[in-house]
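Dear colleague,

I am passing on the structure we spoke about, and below it you will find my notes on a few regions. Please read them with the coordinates open.

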Amino acid sequence: MENAVDALKIAFAIFIFVIAIALSFSIVGQVRATSDVILALNDKANSYDYVANEDNNANNKERIVSFETILPTIYRYAKEQYAVTIIDNNGKPIVRYDLYTEGFMNDWNTTLKNMNRASLRDKSIDKFNEIKERIAIVDEIIEKENPSWQHSIWNGLVTGSEGSYTSGTLYNVTNSNNRTVDTGAPWGSQHEEIIKRIKADITGADKDKYTRNGITYVGKNLNQYKGRTFKEKFIEIQTSGTTITDTDEENNIEYSLETVKGNKKLEIVYIMQD
């Protein structure tokens, strides 16, 4: 009989213990959920409405931030697949972070060569025009900030007209004998290369210059902007995409070869304040 009573006591104690454990987990879960809600409500970035291009970006959200606020955004651009452009208080692009742009400029000379080859011309021109379309939308947002500004991201990447394109100054690089060369972004898409490029941009120091395949990227010395404030703009861009066509001249019929789909891209623009 005593053994039965002891067994009941033990079973009751275990039951109470299980209830206590379950209740503890429930309380911890509720506390975490509540803290997540509170943190989300206090994070201004969570309240942004990203505006698509068809809305003409008229209602895009903005706020004033410090230089220190920009740094974490820069370090996450490759991982989270968004683009960041920093503009000075005269409307001139200081630096741009975007894997798509960088890949395009990294392959700059090949792209120009392919645009002059009959078999690859259409696809190369479509790629060229797609990135031009996207950047033109960002340039439009910047121009609305101050219509008198004459600079543009596109001209920082590409100058000239068809048949005489050259790369711009946004990704200024030199080769091993310190001669400026006509090329785009020298870094690749590997994480360690991207981090080296960002470090070169932040410090601008000789020790942090990024060299790859004999091409050196000096960096932008963003540290000089410590203490400055920037207007932060979030824009969601939808590119329209294109359809590659060909013509059957004998029968005078135009037909589609391939459709290049449009895509959405989050652009974050920081405009330095006076």
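Predicted model: local features only at pLDDT ≥ 70, side-chain atom pairs only at ≥ 80, totals over all residues.

Strand β2, which covers residues 83-87, is joined to strand β3, residues 93-97, by four bridges, and the two strands run antiparallel. Five residues lie between the strands in this hairpin, and among them glycine 91 adopts a positive phi near 85 degrees. Strand β2 also pairs with strand β12, residues 264-272, here in the parallel sense and over five bridges, and in that pairing alanine 83 has glutamate 267 of β12 as its bridge partner.

As for how β2 is covered, five of its five residues are buried. Ala83, Thr85 and Ile87 point one way from the strand, whereas Val84 and Ile86 point the other way, and all of them are buried. In a regular strand, side chains alternate between the two faces of the sheet.

The next region concerns two helices. Helix α2, residues 67-80, packs with helix α7, residues 191-203, at an angle of about 155 degrees, and their axes are 10 Å apart. Because angles over 145 degrees count as roughly antiparallel, α2 is roughly antiparallel to α7. The crossing of α2 past α7 is right-handed. On the α2 side the contact is made by Leu71, Ile74, Tyr75, Tyr77 and Ala78, which meet Ile194, Ile195, Arg197, Ile198 and Ile202 on the α7 side. Sorted by class, this contact of α2 with α7 holds nine nonpolar residues, no polar ones and one charged residue.

Finally, I looked at phenylalanine 104, which is found in helix α3, residues 99-106. Is phenylalanine 104 buried or exposed? Its relative accessible area is 1%, and because buried means under 20%, phenylalanine 104 counts as buried. When its neighbours within four places in sequence are left aside, phenylalanine 104 is in contact with Thr111, Lys127, Phe128, Ile131 and Val158.

With kind regards

How values were computed:
Residues numbered from 1 in each chain as written. Heavy atoms only, no water. Axes fitted to C-alpha atoms, helices over the stretch in contact; angles between N-to-C directions. Parallel < 35°, antiparallel > 145°, perpendicular 65-115°, else oblique. Left-handed = near helix turned anticlockwise from the far one by under 90°. Contact = heavy atoms within 4.5 Å. Nonpolar A, V, L, I, M, F, W, Y, C, P; charged D, E, K, R; others polar. Buried < 20%, exposed > 50% of the residue type's maximum accessible area, 1.4 Å probe, protein only. Pairing = 2+ DSSP bridges.
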